[in-house]
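The following exercises are to be worked with the sequence and the three-dimensional model at hand. Each task is followed by a solution in steps.

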Amino acid sequence: IQRLEECVVNRIAAGEVIQRPVSAVKELIENSLDADSTSISVVVKDGGLKLIQVSDDGHGIRYEDLPILCERYTTSKLSKFEDLQSIRSMGFRGEALASMTYVGHVTVTTITMGQLHGYRATYRDGLMVDEPKACAAVKGTQIMIENLFYNMAARRKTLQNSADDYPKIVDIISRFGIHHTHVSFSCRKHGAGRADVHTISRLDAIRSVYGASVARDLMNIEVSDTGPLISVFKMDGFISNSNYIAKKTTMVLFINDRLIDCGALKRAIEIVYTATLPKASKPFIYMSIILPPEHVDVNIHPTKREVSFLNQEFVIEKIQSVVGSKLRSSNESRTFQEQTMDLSSSGPMATSKDSTKESSPSGIKSQKVPHKMVRTDTLDPSGRLHAYMQMKPPGNSERGPCFSSVRSSIRQRRNPSDTADLTSIQELVNEIDNDCHPGLLDIVRNCTYTGMADEIFALLQHNTHLYLVNVINLSKELMYQQVLRRFAHFNAIQLSEPASLPELVMLALKEEGTDPEGNESKELRGKIAEMNTELLKQKAGMLEEYFSIHIDSNGNMSSLPVILDQYTPDMDRIPEFILCLGNDVDWEDEKICFQTIAAVLGNFYAMHPPLLPNPSGDGLKFYRKEFDEELRLEAENAWAQREWSIQHVLFPSLRLFFKPPTSMVTNGTFVQVASLEKLYRIFERC
C-alpha cells in the first residue's frame, strides 16, 4: 500500500466534483447567487471545453482573500461543522473552485464595492500563480475557465465527441432562471451576438425555454403544512394540466433554493399522472419546496445534486395528494387544437393513386414515411393497407359521411352521465367495468387500424405487434355496452315506412324453416307471428321509453335506436331482430330483461358481413349473368360501406367507449399473428 501524492488525490477528487462542463457552470452560478448577484451571464466555447466564462454583479472577492481562493476546503460559508445544520448558502465545502484549477486554467477578475479598480489573478492546481494584478473591472466577479480537462485525455476525448454539452448548460441555466426570478440570466456561445437564454419572469422563462405550448398548459399549485407534529414545509410551483402531452417528464425542483434531483418525488407525481390522464402522459413540473434548514442534510452528494430531509415520505405523500386532486379537477374539461386534414382520402371513394399525387400548397408531400417502418400515428394513412391497393368506388357515395364529421360527432356525443336511475342497469354497467381486461384495453385504446384480412377479421397494430381481431365479436360487444350506457337516452332512426311485425316474423321463420311451403308449417308460423306481435305490443311502452323502439297499436314498428352516431344497421336483418326480440328476451326479471334486450340489439347492430356475396372475392361467380349487374353494384356498395364503417366508425368508437371483457382473451377475438422483434431475429438468421 502506498500513500498517494497530494496532487494525485486532488486530481481524482476534481474529476468527481467537475464531471463535465455543465458541472462547472452549476458551481459557478451557485457561487454568484451566494454573492447576492442580480445579473449572471455565461459565455461558452466548444461546449465548455475551450472556454467557460461566468460574470456576475455580486459583492465581489476581497483582495486579501485572493491568495487562498482556490485552495481546497477554503470557504466563507461556514466555520465549524455545526454550521451545516442551518446552512442557507448554495456552497459550503470549498471544493468547487479548487477542483476547477486541477482540471483547467482558471482566471478570476473581481472588484468589491468602494474600490477604484479591480484585480485579476490566475490559478493552477489550487494555487495562485502570480500576485493579483490591478485592472479595470465592473462590479462583481468574472471567473474564466480555459482548456477544461486538458490533463485528462480520456474524458476530454469523450466530451469532444459529444454534442449535448452546450444544450445541458442552457438547460441548467434555464432551470435557475425559472426559479430565481429576481436574477437575470443569460447564456450565449462565444462570438454569438444573441443570447440563447435570457430570463425575466418565471412564466416568461418557462415560455422562452420550453415553449408557449408548455406555458399555456400550466396551472399553479401550492401546498403547505404548518403543523409542528410531523413536518413544517411549504411548496409552490406549476404543473401541467390535462391538455399537456409529452413523451418525457420534465421536472425542475428546488429545495431551499437549491437545484436538486429527487427520484422519489418524481416517481410519485408520475404515478398520479399515469392514473389520471390517458396514455400515461408525461408531465412538466416546477416546484419550490421550503423546509427548515435544520431539517435538510445537504452533504450527501459530491456535486450537491441530491439532499436528504426529515419526514420525506410524509412530504412526498402530501404533495402527491394535492397534485392528484388538482389534476382531477383540471381533467373535467380538455382543449383540443384543430388540425386541417386532407379529406380526399377519408371516404370509401378514395384511391391510393390520388393520395400519392396530391401535395400540400408548399410543395411538401402530404404523406409521411413511417418512422423506422413502425406506424405511430393512428391518423397517418401511409401505414394502412389502402395506401397499397386501388379500391373500386362504390356507386352510392352519399351513404358514407366524411371522416371528420364522424370523428367530430363521436367526440361530441359522449355517453350520458345521468343514466337512468335503475339498480339493474347500474349493476350491468358495473359488471362491464369490473370484467374489463387491462391488457386488451390498452390494445384497443392505442391500436392502429391496418385493414380487413377477410370478411370477419381485421388487422390491428399495437406497438410492435400485429393482431387479427374478430370484427363481429367486437362490434356486438360494443353495441351491447352502448345500449346499457345510453339506456333511456337514445335518439331514433325513423323508418321510411312502418314495418309490419307479423310480416317480419313470418319472413324470419320462413328463412329458418325446413319446409317453408308446407301448410302446417305456414299455420304454425302464423300463430308464432301473432303471439310475438301481441307480446311486443304489450311491451311497446317500455321499448319506446327505454330503447326508442316505437311500435303502434296496429303492430307496426316505425323507429329504431341510434346506438352509434352516423351508423345504421343492416336493415336486411330486421326480421331476425324482431323474432329474437320476441323469443329470446326474458320479460319477467328486470335485470335479465334489460340484459337480453341489449344482447339482441347488440347482435342486430353488429357489423355482420352483408347477405349478398362479396363480388370482389369468390362471390363474383354469383353475378355472372347480365341481369345481375344491378345486384352486383348493390353488393359492392354494401361491402365497401361496411369496410368504411369498420375503419371510420367502429374503431374510433372502440377507442372511446369500449371495455373489452376478459373472455376475449381466450375466445379468439384477439389473436397475435406477428411480432416485429421476432421478425427481426428471423431475418437476422436468414
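Helices and strands are DSSP runs, of at least four residues for helices (H or I) and at least two for strands (E), and they are numbered from the N terminus. The model is a predicted one. Its protein chain comes to 21 helices and 23 strands, and buried residues make up 48% of its 686 residues.

**Exercise 1. Locate Asp36 and Tyr73 and classify their accessibility.**

Solution. 
Step 1. Tyr73 is found in the loop between strand S2 (51–56) and helix H3 (96–103). Asp36 is found in the loop between helix H2 (21–34) and strand S1 (39–45).
Step 2. Exposed means over 50% relative accessible area. Tyr73 has 53% relative accessibility and therefore counts as exposed; Asp36, at 61%, counts as exposed.
Step 3. The backbone is then inspected. Phi of Tyr73 is near 60°, a positive value in a residue other than glycine. Asp36, which is not a glycine, has a positive phi of about 60°.

**Exercise 2. Describe how helices H12 and H14 are placed relative to each other.**

Solution. 
Step 1. Two packed helices are described by the angle between their axes and the distance between the axes.
Step 2. The axes of H12 (residues 423–434) and H14 come within 9 Å and cross at roughly 140°.
Step 3. Angles over 145 degrees would count as roughly antiparallel; H12 and H14 are therefore oblique to each other.
Step 4. The crossing of H12 and H14 is left-handed.
Step 5. On the H12 side, Ile425, Leu428, Val429, Ile432 and Asp433 take part; they meet Tyr480, Gln481, Leu484 and Arg485 of H14.

**Exercise 3. Is Lys476 buried, partly exposed or exposed, and with which residues beyond its sequence neighbours is it in contact?**

Solution. 
Step 1. Lys476 is found in helix H14. Its relative accessible area is 30%, so Lys476 is partly exposed.
Step 2. With neighbours within four places in sequence left aside, Lys476 is in contact with Gly602, Asn603 and Ala606.
Step 3. Lys476 and Ala606 are 130 residues apart along the chain, yet their C-alpha atoms are separated by 4.6 Å.
Step 4. The side chains of Lys476 and Asn603 are joined by a polar contact of 3.4 Å.
Step 5. For the protein chain, residues 24 or more positions apart account for 70% of the contacts with a separation of 6 or more.

**Exercise 4. Is Arg175 buried or exposed, and what does it contact?**

Solution. 
Step 1. Arg175 is found in helix H5 (residues 165–179).
Step 2. Buried means under 20% relative accessible area; Arg175, at 16%, is therefore buried.
Step 3. With neighbours within four places in sequence left aside, Arg175 is in contact with Tyr210, Thr250, Met251, Val252, Phe254 and Leu259.

Key. Residues are numbered from 1 along each chain as its sequence is written. This is a predicted model: local features need pLDDT of at least 70, side-chain atom pairs count only at pLDDT 80 or more; totals for chains, interfaces and linings use all residues. Side-chain values use heavy atoms; hydrogens and water are left out. Axes are lines fitted to C-alpha atoms, for helices over the stretch in contact, and angles run from 0 to 180 degrees between N-to-C directions. Angles under 35 degrees count as roughly parallel, over 145 as roughly antiparallel, 65 to 115 as roughly perpendicular and the rest as oblique. A crossing is left-handed if the near helix is turned anticlockwise from the far one by less than a right angle, and right-handed if clockwise. Contact means heavy atoms within 4.5 Å. Buried means under 20% relative accessible area, exposed over 50%, partly exposed in between (1.4 Å probe, protein chains only). A polar contact is a pair of N or O atoms within 3.5 Å; within protein, one must be able to donate a hydrogen and the other to accept it, and residues adjacent in sequence count only if both atoms are side-chain atoms.
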